[in-house]
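My entries follow in the order in which I looked.

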Amino acid sequence: MRLTDRTRRQIDSPIGAHAHLLGQVPPDRPLLDLSQGAPGFPTAPAIAARIAEVATQPDGGRYAPLLGLLHVREAFAGEVGDAYGTAGSADVSAADVCITSGCNQAFCMVASAIAEPGDDIVLTAPWYFNHHMWLGLDSVGATIVEPADGLEATVEEFEQAIGPRTRAIVVVTPGNPTGHVVSAERLAQYAALARDRGIALIVDETYRSFVPGGRPHRLFDDPDWRDTVVSLHSFSKDLAIPGARVGAIVAGPDLLREAAKLIDCVTICAPRLGQEAVHAGLTQALEWRAGKVAEIAEKQRRFESVLASRPGGFELRSAGAYYGWVRHGLDVATPEVVERLLLEQGILTIPGTAFTPTDTSMLRFSFANADLDRLDELAPRLIDLAESTGV
Ligand SMILES: Cc1ncc(COP(=O)(O)O)c(C=O)c1O
């Protein structure tokens, strides 16, 4: 059989790329897995109980409605109102919410509803690799903005990237791989630019719950937000149910109608069990969620303090949500650094080359995965690696 060039020229997922080497980690360096950004703890008891309860109900295994179970869409619209509005005033209702099989599906379906083959969508480097991969798989061009500050584009940088076939600007905040948070003011400028050019602003807010304090943005205050803004969500990280596969699109009904056609063909609906799990999370586990967010913030502080002295020349460029974005000072290609970190020091990371057009000597560390106290093991191991490389 013949396989398409379209899929064959895409990278393999960087997650799991080193699984075949895990058996070779030195015995005196127990594995510190800082690769995939996935919660290392079980979900809330109320969520687990609800999944078990629904699984035994007569309709527990049925398909769900195409746009999601109404009570889940209502609960999430309420959550968005609370999180983004002043006293719940954000102008978002259940009609603006579609529950998806995770935020990855949300992005893919939205991008396909917005851009035809030959159109293009603007991404910022470092990008989230699945966004970049999907556009290539869908024959949509990715115009890459490499911001001068390395973390977020200025409005002028985005403006220069917009061409006649540009259909959207994509922003991930807090960022993956950087953890960087784009301010509400900057997001409002991006939205104004997108509106002016008649294109979409797609904001991937997978890590929204991890934004320290306050409203992530005020884009839903604009009564015309549906013409421009598409906000994408995940319940994988903040409710610790990545395998339940649930996320959401918050957008105007016109876009949701088109995205629904794509969802219908791909998954028919988001998993019913996962949707009920989200409902339990939003109605019974918000305190639990706040506790987990605080635990991960504590890990971030520990990670920052471990890297503060630049052990082995490893320099923390930014941190937030789940991730630290770190520059290695080694005169070695980054994929090789990643392999040596694993084989010599038992540290598993993701190479920055999965997120950028060229090798900029960056690594992604998912500190949220580690046990708090094990983060202290990082410094001596990074120093060891640098010394063995002759730095
Ligand atoms: C920025 C970003 N978007 C989307 C996803 C995928 O989320 P989900 O599990 O909801 O598909 C991730 C997961 O790592 C992510 O980092």
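**Domains and their contact**

I began with the division of the chain, which gives domain 1 (5–42 + 288–388) and domain 2 (45–284), the bounds coming from an automatic or database domain assignment. I note that this is a predicted model, in which local features need pLDDT of at least 70 and side-chain atom pairs count only at pLDDT 80 or more, while totals for chains, interfaces and linings use all residues. Residues are numbered from 1 along each chain as its sequence is written.

Taken over C-alpha atoms, the centres of domain 1 and domain 2 are separated by 26 Å. I find 29 residues of domain 1 and 27 residues of domain 2 in the contact, where two residues count as in contact if their C-beta atoms, placed from the backbone, lie within 7 Å. On the side of domain 1 that touches domain 2, helix 1 (5–8), helix 10, strand 9 (315–320) and strand 10 (323–327) each supply at least two residues; helices (H or I, at least four residues) and strands (E, at least two) are DSSP runs, numbered from the N terminus.

**Core**

I next looked up the largest nonpolar core, which has 118 residues, and saw that V110, A111, I169, L201, I249 and A259 touch the most other members. Such a core is a set of buried Ala, Val, Leu, Ile, Met, Phe, Trp, Tyr and Cys residues joined through C-beta atoms within 7 Å; buried means 20 or more other C-beta atoms within 10 Å of a residue's own, exposed 12 or fewer, and partly exposed in between, with C-beta atoms placed from the backbone. Helix 4 (residues 102–114) gives this core its largest share, 9 residues. Domain 1 and domain 2 both give residues to the core, so it lies between them. Not counting residues up to four places away in sequence, V110 touches I202, V230, L232, I249, L255 and A259.

**Helix 9**

For helix 9 (residues 272–284) I noted that 11 of its 13 residues are buried. Helix 2 (45–55), helix 3 (70–84), strand 2 (97–100) and helix 10 (286–307) are among what covers those buried residues.

**Ligand shell**

Which residues come nearest to the ligand? Of the 13 around it, I list G102, C103, N176, S234 and S236, a residue being near if its C-beta atom, placed from the backbone, lies within 6 Å. Helix 4 gives the most to this shell, with 3 residues.
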